[in-house]
Amino acid sequence: MRREIFFRKKTRIFLRILSAVLCAIILSVVMCSLAIYFYLEPIIKQSIVNSNRDMVIKMSQQVSGSFDEIMAYARNISFDDTVQISCDNYRMENTYNYYSMVQRLEKKLKEYVILRDNIVYDMFVTDCYDQVLELNHTYSDLLKQHIYKGFLESSQNGFTSIHNVRYNSSGGEWKAIAYINNIYSKQPSYKHIGKLIVLVRYSELVQPIVFDKSSGIEIELHDNLGNTIYSSSMEKNLESELKQFGAETNFFQNRQNYYFKDKVGTDGWYVVYSISSHKISESFSKINKIILGIVIICLIIMLSVISKIVSNIVVPLETLVKGMQRVSRGSRNEHISLSTGDEIEEAALVFNKMVEDIDRHTQELITSEKKEHETQIKMLLYQINPHFIYNTLNCIICLARREDFGNIIRLTKTFIMLLRSMLRVNPQSMTTLKNEMEYINNYVGVLQFSYNKIPNVVWNVDQELLDMELPRMICYPLVENSIFHGIVPSQQKCGVTVHCHRTGNCVTLCVEDNGRGFSQEELELLKRKLRTPDDEGGHIGLSNVNSRLQLIYGSSSSLKIESEFQKGTKVSFSFLCNTGSVDMTKTERVHEEILD
């Protein structure tokens, strides 16, 4: 139960320290994280916007570069001799030489197409009258579309808007954008002799700036004339939306989008695009999750480190408390060795010094108690000896009156032998039950000289207890009182029986007679005198025996008296023993009580 209480207390201390430290750390980390978050949020968002902006510009420049490449490619083709000759000889129409010339032209153009077939679908040439130089009339109808009209009526080079081009007789079409380049004669006249139309694969050309809708980026690419080359949304006109915020505005931000307008390439192309604020927030939320994950990992690491540190504090305290508990239960050999280098180690040193001081003072107290009890036991024995001598001398006087010299001699010898045994033994020494029986038998033999009705003592003793040690002269006062206060006053023939039996480690010794006995009032008075002994009145032997038993064995071994008038008396006491010897002396018992 104590261990469970201690464990709960230790757990509380551990949790309190751990909770306090963790709360401080979590509060610090949260406050620092919030401060860093609010400081870095606009920076990170702007960084994400700039990253997207750089990506759009680079992709737009790539597309613009592709258009520049097509324009340069077309200009180079327009100076090809085959192209120059074909355009300059348009008057040979419907002649053999005309068809041969056109055939050579188509072959030449096919060769140029093959060189750029990744983005160029086809190309053809018109004369100065905008007639297509071809054999199969593939593109004659194409020029009739209104998107070509402005370029055919002027001498301006440029890209058309997006349109569909039929690529076979079955009606198949593909989306294209055409670049129209004017062809001028290389002759000194430099006259306009025709146009070169390059049909570009629109999908492949603008592929770099085609963003997924989930990216949150919408884009419009414009050429140097302001024509829309590419728009990611047919529903919006980003340039118009941006112009609403100001004629010269190149950047604007509202709650939904960031709007930008940037130049790309070197020919006046520009790109207008918007970046969704929601997508920026989503990108930032991913960063938030990463930051939160890092904070959680840091807190877990801190928790592990702090738990170890707190354990290093609590475990020495636990060791110190356990040592104190063992000392409180009586241990005097406790020595705690701690090497924490702090106040706990100092407390352990103070504890060790305290245990040594307690042990020293305990030894001094035990020695003092031992001397005091030896003195008390000697005084009690001095009270017993005169009483015993007095009774014996009375017997001798009685024999002398009867002039029974033989019995006087025997009695005197027996008495001298008893006195010699008593005087040569240390008052605090122990004797065996067998020797005590011998003393009592000799004593009863002396009494039988004075009293004819004194019976022999009957011994009912376990044989294994004959060598058991017990305090010297502890039994004969009980037998003496049984004779003089039970048998002598009785008018009937009576007897005395001494019982001594063992049950476990407990030995019970009982002196029983069937003599006069005590009335209830006399028995209560006798018990009261045993509880508060004095030097006046009778039964001095019983009081002394009771005091000696309490001094040596403790209060649990006090005399127990049972009596009934005209039926007899039984006086008994019990004590603990170990295999034939007394369990412990009074001094040892006092020592144990002090330790407890």
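Colleague: In strand 10, which residue is the bridge partner of Val 264?

Modeller: In this predicted model, the bridge partner of Val 264 is Trp 269, which lies in strand 10.

Colleague: With which sense does strand 8 pair with strand 9, and over how many bridges?

Modeller: Strand 8 (residues 251–253) pairs with strand 9 in the antiparallel sense, over 3 bridges, and a hairpin of 3 residues connects the two strands. Within this pairing, Phe 251 stands opposite Phe 260 of strand 9.

Colleague: How should I read the side chains of a strand, and is strand 9 largely enclosed or largely open?

Modeller: The general idea is that in a regular strand the side chains alternate between the two faces of the sheet. In the present case, 6 of the 8 residues of strand 9 are buried, so this strand is largely enclosed by the rest of the structure.

Colleague: Turning to helices, which residues of helix 12 are buried, and why do they line one face?

Modeller: The general idea is that an α-helix has 3.6 residues a turn, so residues three or four places apart point the same way. In helix 12 the buried residues are Leu 523, Leu 526 and Leu 530. Seen down the helix axis, these buried residues fall within an arc of 60 degrees, so they line one face of helix 12. On the other side of the helix, Glu 521 and Arg 531 are exposed.

Colleague: How many residues does helix 12 have, and what span should they give?

Modeller: Helix 12 (residues 520–531) has 12 residues, which at 1.5 Å a residue should span 16 Å, and the C-alpha atoms at its ends are 17 Å apart, in agreement with that expectation. The buried residues of helix 10 include Leu 433, Met 437, Ile 440 and Tyr 443.

Colleague: Is Phe 38 buried or exposed?

Modeller: Phe 38, which is found in helix 1 (residues 2–78), has a relative accessibility of 55% and therefore counts as exposed, the cut-off being over 50%. Together with Ile 26, Leu 27, Val 30, Met 31 and Leu 34, Phe 38 makes a nonpolar surface patch of about 570 Å².

Colleague: And is Leu 242 buried or exposed?

Modeller: Leu 242, placed in helix 6 (residues 238–244), is buried, with a relative accessible area of 2%. The C-alpha atom of Leu 242 is separated by 9.9 Å from that of Gln 253, which is 11 residues away along the chain.

Notes: Residues are numbered from 1 along each chain as its sequence is written. This is a predicted model: local features need pLDDT of at least 70, side-chain atom pairs count only at pLDDT 80 or more; totals for chains, interfaces and linings use all residues. Side-chain values use heavy atoms; hydrogens and water are left out. Helices (H or I, at least four residues) and strands (E, at least two) are DSSP runs, numbered from the N terminus. The expected span of a helix is 1.5 Å times one less than its number of residues. Buried means under 20% relative accessible area, exposed over 50%, partly exposed in between (1.4 Å probe, protein chains only). The arc is that of the directions from the helix axis to the C-beta atoms. Patches are made of residues with over 30% relative accessible area and no salt bridge: like charges are joined within 9 Å, nonpolar side chains (Val, Leu, Ile, Met, Phe, Trp, Tyr) within 5 Å. Accessible areas come from the Shrake-Rupley method with a 1.4 Å probe; for residues, only the protein chains shown count as cover. A salt bridge is a side-chain nitrogen of Lys or Arg within 4 Å of a carboxyl oxygen of Asp or Glu. Two strands pair if DSSP finds at least two bridges between them.
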